[in-house]
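Biologist: I'm new to this one. Can you put it up and walk me through it?

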Amino acid sequence: MKYLILLFAVILACLACCKAAVVQITDENFTDLIGKDDEWLIDFYADWCGYCKRLEPKYHAAERMLSKSSHSHVKVGAVNVETNPGLAARFFVSRLPTIVHIKDHQVRSLKPTQRENDIISFVTMEEWRDVEPKSGLISPFSLLQRKDGWIYRQGGEKVISLFTMDTHWRAYWILDLCH
Ligand SMILES: *[C@@H]1O[C@H](CO)[C@@H](O)[C@H](O)[C@H]1NC(C)=O
């Protein structure tokens, strides 16, 4: 009986530990998810990008490490740039994969990496303090950028077609840079 309870406790602990995972973020739920006081890592990827696929297991491993570290409050998300062109535009994603760090609505890009440790230390060693945040008009949280995202979601057909054109162009641009 004692062992049964122990086994049950172990199973519960496993469930609790594995529940946290990389959060899928979309154009629609981005604003609801990213609070002013939140700290986030977000990976921008596309299904056709080989480097993104290679990074994925390491990114997930980094998420698991962070969830068990003293920085477990940091949330880890991912954005598919093909299905979420609004966020890709808003963050000026020009290379895939791109990982950004968000804290106090300040956005910083990580150097391109395929190493789990680079992702973890950017947060736990607070390496982000040495990186300039995107500021002014290119900040994803500036008024103009917010309006952009808004136009994507609510805009009339004309505005949307203009932005779709831009999105196609952007998709090729990204393709080009994704080695
Ligand atoms: C955001 O929306 C997408 C698409 O509806 C969904 O798959 C995802 O789980 C949502 N993310 C969260 C954290 O609710």
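Modeller: Helices (H or I, at least four residues) and strands (E, at least two) are DSSP runs, numbered from the N terminus.

Biologist: Where do the numbers come from?

Modeller: This is a predicted model, where local features need pLDDT of at least 70, side-chain atom pairs count only at pLDDT 80 or more, and totals for chains, interfaces and linings use all residues. Residues are numbered from 1 along each chain as its sequence is written.

Biologist: Which residues of α3 are buried?

Modeller: Cys-52, Leu-55, Tyr-59, Ala-62, Glu-63 and Leu-66. Buried means 20 or more other C-beta atoms within 10 Å of a residue's own; 12 or fewer is exposed, in between is partly exposed, and C-beta atoms are placed from the backbone.

Biologist: And what do they pack against?

Modeller: The buried residues of α3 pack against β2, β3 and α5. Contact here means C-beta atoms, placed from the backbone, within 7 Å.

Biologist: Switching topic: which residues are around the ligand?

Modeller: Val-23, Gln-24, Thr-26, Glu-28, Asn-29 and Leu-33, each with its C-beta atom, placed from the backbone, within 6 Å of the ligand.

Biologist: What about Ile-42, which residues does it touch?

Modeller: Leaving out residues up to four places away in sequence, Ile-42 touches Ile-25, Gly-77, Ala-78, Val-79, Ile-99, Val-100 and Ile-102.

Biologist: How long is α3?

Modeller: α3 has 19 residues and spans 29 Å from first C-alpha to last, close to the 27 Å expected, taken as 1.5 Å times one less than its number of residues.

How values were computed: Contact = placed C-beta atoms within 7 Å.
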